[in-house]
Amino acid sequence: MRKLFTYRILCLLCGCFSLEAIAQQEWISTQYLFNLYDVNVAYAGNHHSLSAAIRHRSQWTGIDGAPTTQSVSLHAPVANERLAWGLRVHRETIGARQQWMSRASLAYRIPRREGAFSFALAGGVIRQELDPSGITAQDWNDPQLDGQHWISTSVTFDAAAFIHGAKWFAGLEANRLNRPEMKWTDNAQARSFLHVNLIGGRYFKLSENDMLALTSMVRFSEPSLLSAEVNVSYLWKNLLWLGAGYRYLSGPLFLAEINVTRQFRIGYSYDMNTGVMRGHQDGSHEVFIGYNLRPRDDKSIRYF
C-alpha cells in the first residue's frame, strides 16, 4: 500500500513538468513559536542580540521519498536596534526533487510604549533540481524522462509586518510576491504561488516562573489552499515548555522544548495525521536547536 501511495506521489510530481501544480510550496514548522523569524522576517532583531536556529523535519515518516527539510537561520539588530538583518538557508527533498532556498532580509523597527512595530523586505534565490532517474515511471517513452537532470533557478521577493506588546504578538508575511516561474524546460508552465501566513499569540503569567501561551497560525496559498492550527503551551519553572495543538485537515500535534541555559534551547515535536494520510505514514518529527548571544541588557528567558 505504501509503495503504491509513494508511486502516486511521484507521478503527481512528474505532472508538474507540464501542468500548473496546485499545492503548498512553503515549508511547515510546528515549533515556529521558539524563533518567529522563520515564519516572519519582520521579527528580526527582537531577541536584542544575534540569534541562531537550526531545524530538521521529517514529514510522513514511513513513506519512501517523503519530504524532509533542514534550515539554518540567523538574525540580529544593528546600530540603535531600529534596523535588523536576517538570513535563512533552507533545503527540502521530496522523492526525486530537491530544493534549496537562500533568503536575506532587512527589517525596520518602530518602538512603542510596550513592544514595537516592525516591517521587513526580503529577497532570495530558489534552486530546484529533479533527477528523473529517481522516478519509477509508468511511461518511459515520456520525453520529459530522458535522463536529464532538471534544474530551475528563480528569484523571489517577500514582505512582512510584525507587532508585539509585553505579552502578545501578531504578524503577517507574504512569500513569493513576484510568483517566479520554474523553467524546467522551454515549454514548462510551472510557477511559484503566493503564500500568506498570519500568526498570533497571547501569554498569561500563572506565577513567577510559570506561563501559559495560546498561539495560532493561518496559512493561505493560491489559488485557494487554506491551513490553520491552534496551540496551547505551558512553561514550567522557566525551564520546560510542553504543548499540544491541532492542525486543520491534518490532526493533533505535540511539542516540548527545554531551556538548557538562558541562551541555549532544544525542542522536539511530533505531528499525527488523522486526515487523508492516515494509515499511510507514521507521523512527522521535528527537531529544533536555538541559541541567542547574551544581550547587553542581560534579559533572561525569551518567551517569544
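A polar contact is taken here as a pair of N or O atoms within 3.5 Å, where, within protein, one atom must be able to donate a hydrogen and the other to accept it, and where residues adjacent in sequence count only if both atoms are side-chain atoms. The model is predicted, so that local features need pLDDT of at least 70 and side-chain atom pairs count only at pLDDT 80 or more, whereas totals for chains, interfaces and linings use all residues. Residues are numbered from 1 along each chain as its sequence is written, and side-chain values use heavy atoms, with hydrogens and water left out.

Thr 30 lies in the loop between α1 and β1 (helices, H or I, of at least four residues and strands, E, of at least two are DSSP runs numbered from the N terminus). Thr 30 counts as buried because its relative accessibility is 1% (buried, under 20% relative accessible area; exposed, over 50%; partly exposed, in between; 1.4 Å probe, protein chains only). Its side chain forms polar contacts of 3.1 Å with that of Arg 57 and of 3.2 Å with that of Arg 247. Asp 271, 241 residues away from Thr 30 in sequence, has its C-alpha 8.0 Å from that of Thr 30.

Ser 29 is placed in the loop between α1 (2–14) and β1 (51–58), and is likewise buried, at 1% relative accessibility. The side chain of Ser 29 is joined by polar contacts of 3.2 Å to the side chain of Arg 55 and to that of Glu 286.
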